[in-house]
Structures are given as structure tokens and as C-alpha cells.
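Take a look at the structure below.

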Amino acid sequence: MENSDFLNYLYHHCPRVQQRYLIAKLNHHLSDRQIADEYSVSRAAVSQWRRRVITRAHQLRAKMKGEF
């Protein structure tokens, strides 16, 4: 599958805060600082969201055995 299909799959398999990160980053092209300001959280919180999205993406790719 293509990257857009995988990103849609990832989005639907992430908690709400991680979904917010994906939307802000991929759809609105916001920086981590802008995301922190938008959601009134620390930059450390946004960094944690990013790390968890990346971890989740790796988990899903492994689970799907490279189908994406």
C-alpha cells in the first residue's frame, strides 16, 4: 500500500493526542513549537507525542509484515 494508506491506518490506530499531532504536522505543516502553542502544552509533550507516533508506526509496520 502507499504511504497515504499507511498514514490513514496509523491515524485510526493512535490515541486522540497522537491523532492531533498527525493532523497538525501532516495537514497543517505546523512545527512542534506551533503545535505546542495550538494545544497549550509544553514542547516536551509534543516531542513525546511524536516519539509515540513513530513507535506506533513501527509497531504497525512490523505487525503488517511490510504490507504497507
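At what angle do the axes of H3 and H4 cross, and within what distance do they come? This is a predicted model. In it, the two axes cross at roughly 110 degrees and come within 8 Å. H3 and H4 are therefore roughly perpendicular to each other. Their crossing is right-handed. On the H3 side, the meeting residues are Asp32, Arg33, Ile35, Ala36 and Tyr39; on the H4 side, they are Arg43, Val46, Trp49 and Arg50. By class, this contact of H3 with H4 holds 5 nonpolar and 4 charged residues, with no polar ones.

Now move to the other end of the chain's helix list. H1 packs on H4 at an angle of about 110 degrees, and the axes of H1 and H4 lie 10 Å apart. That angle falls between 65 and 115 degrees, so H1 counts as roughly perpendicular to H4. The crossing of H1 and H4 is right-handed. H1 supplies Asn3, Phe6, Tyr9 and Leu10 to the contact, while H4 supplies Val53, Arg56, Ala57, Leu60, Arg61 and Met64. The contact of H1 with H4 divides into 7 nonpolar, 1 polar and 2 charged residues.

Several names return here. An α-helix has 3.6 residues a turn, so residues three or four places apart point the same way. After H4 comes Lys65, with a positive phi near 55 degrees.

H2 is next. This helix covers residues 16–27, and its 12 residues should span 16 Å at 1.5 Å a residue. The end C-alpha atoms are 16 Å apart, which agrees. Gln18, Gln19, Tyr21, Leu22 and Ala24 are the buried residues of H2. They pack against helix H1 (3–12), helix H3 (32–39) and helix H4 (43–64).

Why does Gln18 count as buried? Its relative accessibility is 8%, and the cut-off for buried is under 20%. Leaving aside residues up to four places away in sequence, Gln18 touches Trp49, Arg52, Val53 and Arg56. Gln19 also counts as buried, because its relative accessibility is 12%. With residues up to four places away again left out, Gln19 touches Tyr11, His12 and Cys14.

Just after H2, His29 takes a positive phi of about 55 degrees. Leu30 lies in the loop between H2 and H3. Leu30 counts as partly exposed because its relative accessibility is 22%. Not counting residues up to four places away in sequence, Leu30 touches Ala24, Lys25 and Ile35.

Terms used: Residues are numbered from 1 along each chain as its sequence is written. This is a predicted model: local features need pLDDT of at least 70, side-chain atom pairs count only at pLDDT 80 or more; totals for chains, interfaces and linings use all residues. Side-chain values use heavy atoms; hydrogens and water are left out. Helices (H or I, at least four residues) and strands (E, at least two) are DSSP runs, numbered from the N terminus. The expected span of a helix is 1.5 Å times one less than its number of residues. Buried means under 20% relative accessible area, exposed over 50%, partly exposed in between (1.4 Å probe, protein chains only). Contact means heavy atoms within 4.5 Å. Axes are lines fitted to C-alpha atoms, for helices over the stretch in contact, and angles run from 0 to 180 degrees between N-to-C directions. Angles under 35 degrees count as roughly parallel, over 145 as roughly antiparallel, 65 to 115 as roughly perpendicular and the rest as oblique. A crossing is left-handed if the near helix is turned anticlockwise from the far one by less than a right angle, and right-handed if clockwise. Ala, Val, Leu, Ile, Met, Phe, Trp, Tyr, Cys and Pro count as nonpolar, Asp, Glu, Lys and Arg as charged, and the others, Gly among them, as polar.
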